[in-house]
Amino acid sequence: MKKILQTVVALLIGIVQLLAQKENSYRHWGTWFIKSPNDYRLPAPASYKKELNAVILRQQNLDSAGMQQILYWNAGAPGYRWVDMMSNLWQTDMSGRGALANMLLSVCIYDATLAAWETKYAFNRPRPFIADTRIKALMLKPESPSYPCEYSVTAGVAVTVISHFYPALADSVTRMAIQLMDSRIAAGAAFPEDTRVGFELGKKIARDEINYTKDFVPNKTWDGKMPQQPGMWKGKPMLPLAGLSKTVVLDSSSQFRPGPPPDFAKDMEEIKKFKPNFRSTANAFYWASQDFWSETLNKKIFEYNIHLDAPRAARLYAITAIGYHDGFVSCWDAKYTYWGTRPDQYDTSFHPVLFFSPPFPGYPSGHALIGSVMAGLFSSFFPAESLYFQKMAKEGAESRFQGGIHFRTDNEVALKMGARVADAIIKKACTKGADKISSLLSKNDSYLQYPIK
């Protein structure tokens, strides 16, 4: 076992000699829910010399379980594991606060990361592997200063936000954070003080931003009133008040509200004439069961090596989460404004391919709207692949028609709506950072600015 561990360590050390993280100053980037990173500037750190032995001892006692923790937490940007965890929580959250929880986690991580960078370059504390040659870098070597630890800042945010919205997970996420902080010390990336103060910084910013957004979700109880006119959706509605939530970028949830739906007679005729085949059915089930856009963002962040740059990765996650939030709220506003029916209610003899009909009105399509928002945002993040993202948004929208749970009109209206939401978010994000979102990539990556034909 010892020889295997030594081999793994040697391989890691060899890899990190080939790769380095390029990080710059992001003081010109604006925050979302805190006034300024300067307001969270930490006091000067103590002498790191007092903590060198703690790091050395931790590496000397490193076992295979500790190495597994280093590999697990070092994968991706600081927010990668936490954002992935949240994506599995919020989409099944029936409390009405899921979209807020998801948005707040990523926005807090971004704001807290900018605050961390403000302190990092105020004191320029060297990383342990730089401060003492006896300490090995068991991860990709960051170029940013050590104080505070950016992974610990993110953990502080995650523990606070997840515990607030999902209190049953508080103990679990706290244990995860402890493991993360220990892994950064063992990897030679941070001193114990870096992790302690970083964790507290993340918690403080998260608490402030939870307070800032405390009235985003309306404190109301649905009165149970439903329209009784023929042709309206009927059933036990899911989240009927979600459209009343505050938006982050949009002026209101109704800013891009479409006009009322048509009679759906022609739509019904079209969907009844449609003959499902293997390909269309597979597409319907794929989009009904996969979290394509979240998985794609993670994939692209890795492919473009943005995970090596904590502020840039945090910015992408934050803008995307705002897209989910404002897109969802605006969609639910329209749904419960019009109570547009679904195919199996318009014609009870019709049976959807997907065997179910979602418990909320159909017009406009949530899948199509969110897909359109994501395609717009991702096209700005990674312009070389714009055509691909637009293609996938249309496939996702079409899957709802193929599954028999949406009329084509639901999808077409939603795609247009989502594009407008994405455009508004991109314009707002540009006022908080670089001239355009695509400049999140390296300035030398000009070849990435042209769509692939």
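A polar contact here is a pair of N or O atoms within 3.5 Å; within protein, one has to be able to donate a hydrogen and the other to accept it, and residues adjacent in sequence count only if both atoms are side-chain atoms. Keep in mind that this is a predicted model, where local features need pLDDT of at least 70, side-chain atom pairs count only at pLDDT 80 or more, and totals for chains, interfaces and linings use all residues. Residues are numbered from 1 along each chain as its sequence is written, and side-chain values use heavy atoms, with hydrogens and water left out.

Okay, Thr31. The side chain of Thr31 reaches the backbone oxygen of Ile34 at 2.4 Å. Thr31 is buried, at 8% relative accessibility (buried is under 20% relative accessible area, with a 1.4 Å probe and protein chains only). Beyond its neighbours within four places in sequence, Thr31 has contacts (heavy atoms within 4.5 Å) with Ser36, Pro37, Tyr110, Asp111, Leu114 and Lys432.

Which residues line the largest cavity? They are Val83, Asp84, Ser87, Asn102, Ser106, Ser294, Leu297, Asn298, Tyr317, Thr320, Ala321 and Tyr324. A cavity is a set of points on a 1 Å grid over the protein atoms alone where a 1.4 Å probe fits but cannot get out, and lining residues have an atom within 4 Å of a point.

Definitions and conventions. 1 Å grid on protein atoms, 1.4 Å probe; cavity = no way out; pocket = protein on both sides within 12 Å on 5 of 7 lines; lining within 4 Å. Buried < 20%, exposed > 50% of the residue type's maximum accessible area, 1.4 Å probe, protein only.
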